Amino acid sequence: MVNLGPRKPPSRKGSMADVPKDLLHTISILEKKFTVDKEMLKKITDHFVEELRKGLSKEGGSIPMNVTWVMDWPTGKEKGAYLALDMGGTNFRVAEITLDGNRGFDVTQSKYLMPKNLKVGSKDDLFDYIADCVGKFLSSSHPGETIKNISLGFTFSYPCTQPAINRGILQTWTKGFDIDDVEGHDVAPMLESALRKKGLPISVTALINDTTGTLVASNYVDPQTKMGLIFGTGCNAAYYERFCNIPKLEGLLPNDQNISPNDYMAINCEWGAFDNEHKILPRTEWDISIDNESPRPGQQCFEKMISGYYLGEILRKVLCDLYDEETIFEGRNIESLRKPYSLDASFLSQIEEDPWENLTEVESLFLNKLGIFVTESERKLIRRLAELIGTRSARLSACGVAAIIKQIDMQSGHCGADGSVFNKYPHFKARMAEALSEIFEWSSKSYKSHPITVIPAEDGSGVGAALIAALTVNRIEQGKYIGQREV
Ligand code: GLC
């Protein structure tokens with residue numbers, strides 16, 4: 001069983017006794033700006049459900065609700081060896097997955113850091129780098145062999161329009177990527193041609209999102225899992241929707257396919273785009289400035305308040321403003337803090353993890369990383385601020401989960417979640433479970449006995465990608481539709 005921590009995340013308010021009045025005043029202003037109370041959680045969730053439905057409609061909405069052409073649930077009997085590539089943000093991963101036909105699997109993999117310059121460089125540099133990593137992996141795992149007949153699951157975790165399961169037209173870069181000539185184009189041929197140049201004639205069997213992979217991999221090992229969630233550099237969800245609830249599919253299916261309205265299609269929500277039109281989310285001035293200064297202003301508004309890529313930046317911006325209005329760090333040099341995106345989510349995690357009442361670890365963190373001495377009262381303010389940012393992230397995330405629960409009328413079961421924020425950020429799981437219990441008025445004392453729990457997922461971009469490749473091969477063999485394959 002998963003340990004979700006204490007029933008309520010610990011409150012550290014008692015330790016504020018020695019903090020001077022002006023700082024306490026600042027803290028209470030920050031609390032107002034960052035707190036999302038129960039009523040607001042419910043309102044956001046209801047609006048979220050409407051937006052999910054709009055995304056499924058013919059007219060569309062700001063949440064893309066991308067159709068994935070994953071139309072089967074895994075049976076557990078999938079078998080064979082598959083190649084999986086995962087391009088999602090911080091790392092690039094190549095894996096060979098062997099499915100054993102009995103809900104088990106074996107993984108051999110290598111991870112490569114995605115150099116920062118590639119995220120804003122040219123498309124050829126990006127895909128050549130990826131092909132290079134694949135070449136290195138295959139020559140060490142299959143020395144001397146020419147690999148061509150292996151099915152490839154390519155996890156490309158950005159919003160894509162998928163005319164077919166092996167195609168993905170990038171809608172917009174997210175998570176700080178900004179590479180010209182990719183948006184509006186199919187990325188599968190870009191990968192295939194880079195692989196061919198390296199003498200690796202492998203084609204993409206299935207192009208998938210990390211959330212869809214997480215959904216399928218988690219359902220494979222635990223059929224109670226109905227949702228795949230990522231809370232990492234970005235945030236997003238996938239679930240299986242019934243055809244009768246996807247009006248935008250009308251006319252896209254050949255007549256001979258015999259699909260019943262109750263059959264399923266996995267939907268990659270791309271919910272980072274929730275509320276791009278600013279109707280409901282309580283944005284602070286720092287959220288607004290992060291959005292304005294980002295490569296894609298007006299996009300991914302929900303993600304920019306929640307996901308790991310932005311959490312450190314929110315903290316940094318608040319601290320710089322508090323310095324500029326002479327509330328903290330008076331007389332000290334804060335140049336190191338002026339650099340955009342110089343703090344990441346692990347910086348906040350470390351602040352929240354400091355076990356000492358006088359926060360000596362926060363003191364060392366600021367001294368070592370930024371060269372700034374921070375007084376004890378300032379440390380308490382910073383800790384409270386980190387707690388507010390982290391809590392808001394978990395509570396807003398819960399609204400998305402709750403919206404899908406309502407949309408599919410889920411009464412019980414599991415949601416599989418992955419990503420650095422979910423796995424590593426202190427109290428994230430407990431805070432999210434607390435928010436879900438507020439939204440649904442679940443009364444049970446322990447999170448474990450809630451009817452629906454969010455639990456750590458199986459490896460979506462490895463095992464999930466392999467499974468989806470396996471399901472696709474199966475469909476092709478049976479002459480079933482996998483979308484429109486040729487343009
Ligand atoms: C971003 C991407 C989305 C991905 C998520 C988590 O939101 O747009 O495709 O699933 O990050 O990696």
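Residues are numbered from 1 along each chain as its sequence is written, and side-chain values use heavy atoms, with hydrogens and water left out. Because the model is predicted, local features need pLDDT of at least 70 and side-chain atom pairs count only at pLDDT 80 or more, whereas totals for chains, interfaces and linings use all residues.

View 1. Helices (H or I, at least four residues) and strands (E, at least two) are DSSP runs, numbered from the N terminus. Thr284 is buried, with a relative accessible area of 3%, where buried means under 20% (1.4 Å probe, protein chains only). Apart from neighbours within four places in sequence, Thr284 is in contact (heavy atoms within 4.5 Å) with Lys33, Phe34 and Arg392.

**View 2. Strand β11 and its pairing with β1 and β10**. Of the 5 residues in β11, 4 are buried. Pairing, which requires at least two DSSP bridges between two strands, is antiparallel with β1 (residues 66-67) over 2 bridges, and Asn66 stands opposite Asn268. Strand β10 (residues 235-242) also pairs with β11 in the antiparallel sense, over 5 bridges, with Tyr240 opposite Ala266.

**View 3. Packing of helix α1 (residues 21-34) and helix α11 (residues 376-407)**. The two helices pack at an angle of about 5°, with their axes 10 Å apart; α1 is therefore roughly parallel to α11, a term for angles under 35 degrees. Residues making the contact include Phe34 of α1 and Arg392 of α11.

Notes: Buried < 20%, exposed > 50% of the residue type's maximum accessible area, 1.4 Å probe, protein only. Axes fitted to C-alpha atoms, helices over the stretch in contact; angles between N-to-C directions. Parallel < 35°, antiparallel > 145°, perpendicular 65-115°, else oblique.
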